[in-house]
Amino acid sequence: MITLALAGKPNCGKSTFFKAATLADAEIANYPFTTIDANHGVAYLRAPCPCTGLDLPGGAATCGHCTDGVRFIPINLIDVAGLVPDAHLGRGLGNQFLDHLRQADAIIHVVDGSGATDAEGNPVGPGEHDPQEDIAFLPYEMTMWVYGILDKHWAKLMRQSVQRGFSLHAAIAEVLAGLSITSEDVAAAVRETGVDLGHADEAALVSFCGALLARAKPMLAVANKADLAPDALLARLAEHGVPPATAAGELALRNAARADLITYLPGDESFAVVDPAALSKAQAAGLEALRGAMTRLGGTGVQAALNRAVFELLTRIVVYPVEDETHFMDGRGRVLPDAFLMPTGATARELAFAVHTDIGKGFLYAVDARTRMRIRDTQPLKNGDIIRIVSAAK
Ligand SMILES: Nc1nc2c(ncn2[C@@H]2O[C@H](COP(=O)(O)OP(=O)(O)OP(=O)(O)O)[C@@H](O)[C@H]2O)c(=O)[nH]1
Ligand SMILES: [Mg+2]
């Protein structure tokens, strides 16, 4: 399963974002380093369910795995302890937490878009800190952390490559394998930065590490606490590709929906109150304030950030494997039960391997369930495809 990590300075709203996205318990408080041990949970991506418009078995309206045609696809989410400037040198809680980011396929960098906390996460007056200053800090800390790992092994790496004709690219990839960095990534980062690894100085190696990291751990910065931020600041952040979010707003909506006070699906631009008479005065006022913020921001931005990280940064597509292409079912009669997040360009054979190694090994051919046409082995799958895999393995 895809794993995203929430990272950023202390007190920016990572645990609030995590709790809103997973509804798992997580401690939230207005001071730095509330979270020490990382929280792990399951969040969901939002996608249109392919059952809409299909002729389903027994004339069913939906597949039973979606809500009104909206499909929620599970991913892992990790809420990591806050990082402060110079964490790579051991400041704050040190660099042990950078280690949690190893497991992530991509990172959502939660920025306090309200400017009401300083670089260390201590509360300051509204707008006293410029959130733009925080955007570059996380990539920098992570780059310096990778550089630190490489630097520690550098003499050995050089010796090995000179004495034993070992490829330096492969040796670097081996040292950084924990970050899922491959020798292809190393070769690409060398091409991108033009670094001559054999004779590189510190600055050249740091820029090489930055390029490596951008490939291995793509990052999306999100301006959280946007409900408190002035429009002009949000517009400036948006110009730098940083979308707004209100994690606290999303958490309030999910709790209200769970209590049947409102109808709201994560990622909706608005919500509907079920029965205005059932709300306390405070609840009604809180929800109306939130409605205003959502109109201004185009929703809470939480679902949008999760979706963007997976569909845009990791360029995944959703594909639905079935065993019976006429009824869109698996072998147990369940309609469209599984959604697979495949890399763009993946083929049916790769989907077969993702379903099960044996199914992949026994792969014979695949059928597009919508057109009932066989698809070529080499043909890239499309987002939303429903695919029957025919395999010698059962
Ligand atoms: N107004 C507003 N406040 C928020 C939002 N998200 C979080 N907060 C508040 O910000 C404070 C910090 O939230 P946390 O979720 O604990 O932040 P964190 O980043 O996990 O903090 P550490 O674990 O200490 O690193 C709390 O008081 C939250 O209620 C938001 O979207 N809007
Ligand atoms: Mg926290």
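**Domains and ring contacts: a briefing**

The centres of domain 1 and domain 2 are 34 Å apart, taken over C-alpha atoms. The model is predicted: local features need pLDDT of at least 70, side-chain atom pairs count only at pLDDT 80 or more, and totals for chains, interfaces and linings use all residues. Residues are numbered from 1 along each chain as its sequence is written, and side-chain values use heavy atoms, leaving out hydrogens and water.

**Domains**
- The assignment gives domain 1 (3–128 + 219–308), domain 2 (139–215) and domain 3 (317–391). Such bounds come from an automatic or database domain assignment.

**Where domain 1 meets domain 2**
- Here 12 residues of domain 1 contact 9 residues of domain 2 (heavy atoms within 4.5 Å).
- About 930 Å² is buried between domain 1 and domain 2, and carbon and sulfur atoms give 67% of it. Buried area is the accessible area (1.4 Å probe) that two parts lose on being put together, summed over both.
- His88, Leu98 and Arg102 supply 60% of the area that domain 1 buries against domain 2, more than any other three residues.

**Charges over rings**
- A charge sits over a ring if NZ of Lys or CZ of Arg is within 6 Å of the ring centre and within 35 degrees of the ring normal.
- The charged end of Arg291 sits over the ring of Phe271, 4.2 Å from its centre.
- Arg374 places its charged end over the ring of Tyr365, 3.6 Å from the ring centre.

Methods: Chains lettered and ligands numbered in written order.
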